[in-house]
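Okay, thanks everyone, I'll keep this short. Have a look at the model on the screen while I talk, and stop me whenever you like.

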Amino acid sequence: MTEKMQKIKRIVSVLKGKTALARYKSNPFVVLISTILSQRTKDENTIRAANQLFAEYKTPSELAGAPLKKVQRLIKPSGFYITKARRIKEVSKIIAEKYSGRVPSEIDELLKLPGVGRKTANCVLVYGFGKDAIPVDVHVHRISNRLGLVATKTPEQTEEALRKTIPQKFWLDINELFVKFGRNVCKPVKPKCEECFLTEDCKFKSAQKFP
Ligand code: SF4
């Protein structure tokens with residue numbers, strides 16, 4: 001086994017030992033719309049907006065036919081609600097009409113939806129369909145670089161590098177493990193290095209230089 005493979009196995013094993021994995025699989029449509037709502041806002045705002053929205057509209061056709069102003073009002077807590085409401089209605093209409101109300105489960109089809117990038121598409125695959133994929137958000141990007149798993153500048157580059165580096169059997173858990181670690185310990189600013197259990201794998205710990 002290569003040194004890098006040993007390192008990945010160690011990191012995943014340590015994080016799994018420290019993380020209560022939800023391993024939830026949700027309705028793909030809820031995952032898709034919630035991930036669009038989550039763009040550029042905090043989790044608590046996303047949850048509030050999604051709860052309000054799905055309390056009123058549950059299916060792509062219901063949401064496609066919903067009054068725009070009402071959707072805007074329901075999702076207002078998520079911010080950028082004018083753009084997001086338009087986007088959500090567009091996506092719902094396409095799913096209702098082109099895909100008979102079912103969210104596609106292939107990444108190439110998901111990426112054809114307006115406003116759906118690789119992170120959102122991969123979230124739908126992992127959390128909506130339980131398929132092996134690596135959604136890379138700011139946490140996964142930052143931590144992968146700090147731990148020296150990749151040396152990349154953008155989340156897209158990180159996803160590509162991680163797919164080559166990490167065995168597929170670990171993909172399903174990577175997002176949840178890294179996001180929780182990133183929120184609780186390896187924060188963007190002032191990471192809690194004194195509490196960290198991955199210091200031996202961190203290439204920035206000794207230099208005290210945090211990208
Ligand atoms: S030592 Fe600090 S920077 Fe490195 S992984 Fe741990 S918390 Fe993050």
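So, let me start with a question: of the 14 residues around the ligand, which come nearest? The answer is Cys186, Pro191, Cys193, Cys196 and Cys202. If you sort the whole shell around the ligand by class, you get 10 nonpolar, 1 polar and 3 charged residues. And before I go any further, please keep in mind that this is a predicted model.

Right, on to the domains. As for the contact between them, 8 residues come from domain 1 and 5 residues from domain 2.

Which elements give two or more residues to the side of domain 1 that touches domain 2? Those are α10, residues 155–165, and α11, residues 171–184. Out of these, α10 gives the most, with 3 residues. By class, that side of domain 1 has 4 nonpolar, 1 polar and 3 charged residues.

Now for some helix packing.

Take helix α2, residues 28–37, and helix α3, residues 43–56: their axes come within 9 Å and cross at roughly 135°. That angle makes α2 oblique to α3, and the crossing of the two is right-handed. Who meets whom here? On the α2 side we have Val30, Ser34 and Leu37, and they meet Thr46, Ala49, Ala50 and Phe54 in α3. By class, this contact of α2 with α3 has 5 nonpolar and 2 polar residues, and no charged ones.

The other pair I picked is helix α5, residues 68–75, with helix α6, residues 81–98. They pack at an angle of about 120°, with their axes 9 Å apart. So α5 and α6 are oblique to each other, and their crossing is right-handed.

And which residues in α5 meet α6? In α5 they are Leu68, Val71, Gln72 and Ile75, and across from them in α6 sit Tyr81, Ile82, Lys84, Ala85, Ile88 and Lys89. This contact of α5 with α6 divides into 7 nonpolar, 1 polar and 2 charged residues.

That's what I have for today. Happy to go back to any of these on the screen.

Technical notes
Residues numbered from 1 in each chain as written. Predicted model: local features only at pLDDT ≥ 70, side-chain atom pairs only at ≥ 80, totals over all residues. Contact = placed C-beta atoms within 7 Å. Helix = DSSP H or I, 4+ residues; strand = E, 2+ residues; numbered from the N terminus. Nonpolar A, V, L, I, M, F, W, Y, C, P; charged D, E, K, R; others polar. Near = placed C-beta within 6 Å. Axes fitted to C-alpha atoms, helices over the stretch in contact; angles between N-to-C directions. Parallel < 35°, antiparallel > 145°, perpendicular 65-115°, else oblique. Left-handed = near helix turned anticlockwise from the far one by under 90°.
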